[in-house]
Amino acid sequence: MIGGTAVVIDSSAYLSDEVVERHGLLVAPLSVEMDGTQYLEGVDITADEFYDRLLGTKSVSTSQPSVGRFIELYREAGKAGAEEIVSIHIGANISGTVQSARLASESSPVPVTVIDTGQASFAEGLCVLEALEALSTGKTVAEVVQVVDRASKAVGNTFVVKALDLARRGGRLAAADEPAAGIPVLALTGEGMKVVGTATTIEEAVELMAGHVEVAARDSARRALRVGVGHGGAPEIAAALRQQLVGIEGVGEVIDYVVGPVIGAHTGAGTAGAVFIARPV
């Protein structure tokens with residue numbers, strides 16, 4: 001809790017345990033179902049366990065937290081003495097989480113403001129971090145809503161998906177000298193998914209992603225970038241990308257994260273990339 005305000009988030013923001021504990025965040029886990037068995041993200045299954053099992057899994061699906069789960073969290077916040085609650089979540093265009101939170105807010109013992117970040121994964125996490133810092137500096141809930149809105153519009157990203165499979169078929173990590181299939185380097189923008197470059201090796205893909213971040217740093221009007229470097233079953237790609245990013249002028253804080261089961265169910269293993277925001281927003 002920050003002052004008299006409790007903050008509820010969902011598991012797909014992929015914030016560290018340290019951040020959750022420091023701010024007393026209440027986390028609503030999303031679910032992943034693998035071959036008919038449902039697991040709560042971060043509770044019943046870790047990211048490593050998920051990717052280990054994914055290859056042998058025939059069906060995978062995800063679902064939002066239930067209304068009942070949010071009601072429990074809002075009541076917990078009330079019992080802890082919260083005067084109000086800010087509930088910050090994965091985009092409504094991606095998940096039904098916001099809808100569950102809004103329905104639950106009608107039964108909350110204290111007022112709840114539900115904020116739709118319009119983002120997912122650590123892009124959502126960056127929005128939450130901006131909200132936490134706004135609350136910590138005395139901003140009102142109404143001001144926090146504005147901060148998250150600005151942050152959501154300002155977040156950039158670059159990433160690769162299933163890169164290890166492509167690399168094994170043709171990149172320098174390949175077991176045999178086969179023709180390179182090509183690794184598309186992507187960015188998700190307001191206009192949809194865009195290919196920002198195509199690499200023939202993992203090393204080239206990392207350079208392209210780092211270059212995309214470097215352009216953002218150069219265009220940030222002297223504001224430092226907060227960057228999240230993450231992966232889903234591809235730690236070596238994330239480590240190589242991090243190494244390049246820390247040397248870029250204009251890149252400030254670099255935060256490591258892991259893409260969990262709920263997002264990994266859609267991207268698959270071998271995903272890695274960076275999300276970033278120029279601060280202050």
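Predicted model: local features only at pLDDT ≥ 70, side-chain atom pairs only at ≥ 80, totals over all residues.
Residues are numbered from 1 along each chain as its sequence is written, and side-chain values use heavy atoms, with hydrogens and water left out. Local features need pLDDT of at least 70, side-chain atom pairs count only at pLDDT 80 or more, and totals for chains, interfaces and linings use all residues.

Start with the salt bridges. The structure holds 8 of them. A salt bridge here is a side-chain nitrogen of Lys or Arg within 4 Å of a carboxyl oxygen of Asp or Glu.

Arginine 226 pairs with glutamate 130, with their closest N and O atoms 3.6 Å apart. Arginine 226 sits in strand E11 (residues 224-232) and glutamate 130 in helix H5 (residues 121-136), so this bridge ties together parts 96 residues apart in sequence. Helices (H or I, at least four residues) and strands (E, at least two) are DSSP runs, numbered from the N terminus. Both arginine 226 and glutamate 130 are buried. Buried means under 20% relative accessible area, exposed over 50%, and partly exposed in between (1.4 Å probe, protein chains only).

Arginine 226 also bridges to glutamate 133, at 2.6 Å from N to O. Glutamate 133 is in helix H5 and arginine 226 in strand E11, so this pair joins parts 93 residues apart in sequence. Glutamate 133 counts as partly exposed because its relative accessibility is 30%. Arginine 226 has 7%, so it counts as buried. A network of salt bridges links Glu130, Glu133, Arg226, Glu253 and Arg279.

Now turn to another bridge. Aspartate 256 meets arginine 242 at 2.8 Å, N to O. The pair links distant parts of the chain, with aspartate 256 in strand E12 (residues 251-258) and arginine 242 in helix H9 (residues 235-245), 14 residues apart. Arginine 242 has 27% relative accessibility, so it counts as partly exposed.

Return to H5 and look at its contact with helix H6 (residues 141-154). Their axes come within 9 Å and cross at roughly 150°. Axes are lines fitted to C-alpha atoms, for helices over the stretch in contact, and angles run from 0 to 180 degrees between N-to-C directions. H5 and H6 are therefore roughly antiparallel, a label for angles over 145 degrees.

Cys127, Glu130, Ala131, Ala134 and Leu135 of H5 meet Val144, Val147, Val148, Ala151 and Ser152 of H6; contact means heavy atoms within 4.5 Å.

Conventions
Parallel < 35°, antiparallel > 145°, perpendicular 65-115°, else oblique.
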